[in-house]
Amino acid sequence: MRFIGYGIGLALLSVMSASAAGDAGRTEMQAWPPQYDCFGLQICVETLRYADRTEIWLKYSGDGPITVSFQPQAIGEREAVGPIDRRLLQAERAHLMTLTGQSARGYWQLRWRIWAHPGIQTAVHDDSVVYELPYAAGTRHTVSQGFEGIHGHTGPDRYAIDFDMPEGTTIHAARGGWVHSVRDDSLSRRAGQENYVYIQHDDGTMGQYLHLLRDGALVEVGQPVRAGDPIAVSGNTGRSTGPHLHFHVSTPDDSGENAFKTFPIRFRTPSGPATLREGVSYTRPE
């Protein structure tokens, strides 16, 4: 089980109004230093406060496409506004909103929630692709949870696969592509705090390898990889019932919060291409 995408709880920001700035003539010079609230997947919300307005920007410093939904709620003069969706490529900065006005006390507050999922929403999975089992050739692991497993592989996560895998096992790329995102600094067992490697495939879909060991990444962002290349070391970070590798192939979706969709995939086995079954052990062919 896992918390997919990147979900931020309500973040609280106090924003001074024009009257509180005390310098209404400085409309183009920032009245305060920029404020940055940075989250996972190399995303930051940038707040620029001027004497007569406050601008909210989204900064993304990653090397591959990402879909972000920013849902703000102003407390004070303004009502809540609907989600603002942005599809960003590498190292982009996008304007989200500009706020003006003031409250009776000279300030108001802004709350927001933000979700992000790596990849291209319009990507179409190439169903002719047969994936490699994500561990060393000649070794064997059991599928502890397969497609539509009752312990968490439901909804958008329905086509995920969990491999029973001791901590410290070398993980290999199931399909070639290039490294989109890496996290390997977490020791947390909380949902959404797992270490991961994301690999973007040539059809635009994203292979996600989760629950990795701290300092367990063997690749860097932007690095090309081939199917079978070692990419990480397995662990037990994030929301997990025990050491294992969670793997799925996904794209962003627009159906709601943390929206994404996974794809049914086949793997190369000694008996030929197969859809993996829960409770069965599979040896990766040489």
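Eight aromatic pairs turn up when the whole structure is searched. Rings of Phe, Tyr and Trp (its six-membered ring) pair if their centres lie within 6.5 Å; planes under 30 degrees apart count as stacked, over 60 as edge-to-face and the rest as tilted. The model is predicted: local features need pLDDT of at least 70, side-chain atom pairs count only at pLDDT 80 or more, and totals for chains, interfaces and linings use all residues. Residues are numbered from 1 along each chain as its sequence is written, and side-chain values use heavy atoms, with hydrogens and water left out.

One of the pairs joins Phe 163 and Phe 267 edge-to-face, with 6.3 Å between centres and 80 degrees between planes. This pair links distant parts of the chain, 104 residues apart: Phe 163 belongs to strand β11 (residues 161-164) and Phe 267 to strand β20 (residues 266-269). Helices (H or I, at least four residues) and strands (E, at least two) are DSSP runs, numbered from the N terminus. Phe 163 counts as buried because its relative accessibility is 0%, and Phe 267 is buried, also with a relative accessible area of 0%. Buried means under 20% relative accessible area, exposed over 50%, partly exposed in between (1.4 Å probe, protein chains only).

Tyr 196 and Tyr 198 make a stacked pair, 4.3 Å centre to centre with 15 degrees between the planes. Both Tyr 196 and Tyr 198 are buried. Ring pairs also connect Tyr 131, Tyr 135, Phe 163, Tyr 209, Phe 247 and Phe 267 into a cluster.

Two arginines are placed over rings. The charged end of Arg 53 sits over the ring of Tyr 50, 4.0 Å from its centre, and Arg 93 lies over the face of Trp 57 at 3.9 Å from the ring centre. The criterion is that NZ of Lys or CZ of Arg is within 6 Å of the ring centre and within 35 degrees of the ring normal.

Strand β15 (residues 206-217) contains His 211, and Asp 215 is found in strand β15 too. His 211 is not a glycine, yet has a positive phi of about 75 degrees; Asp 215, likewise other than glycine, has a positive phi near 60 degrees. His 211 counts as buried because its relative accessibility is 0%, whereas Asp 215 counts as exposed because its value is 60%.

For the chain overall, there are one helix and 22 strands. Buried residues make up 51% of the 286 residues.
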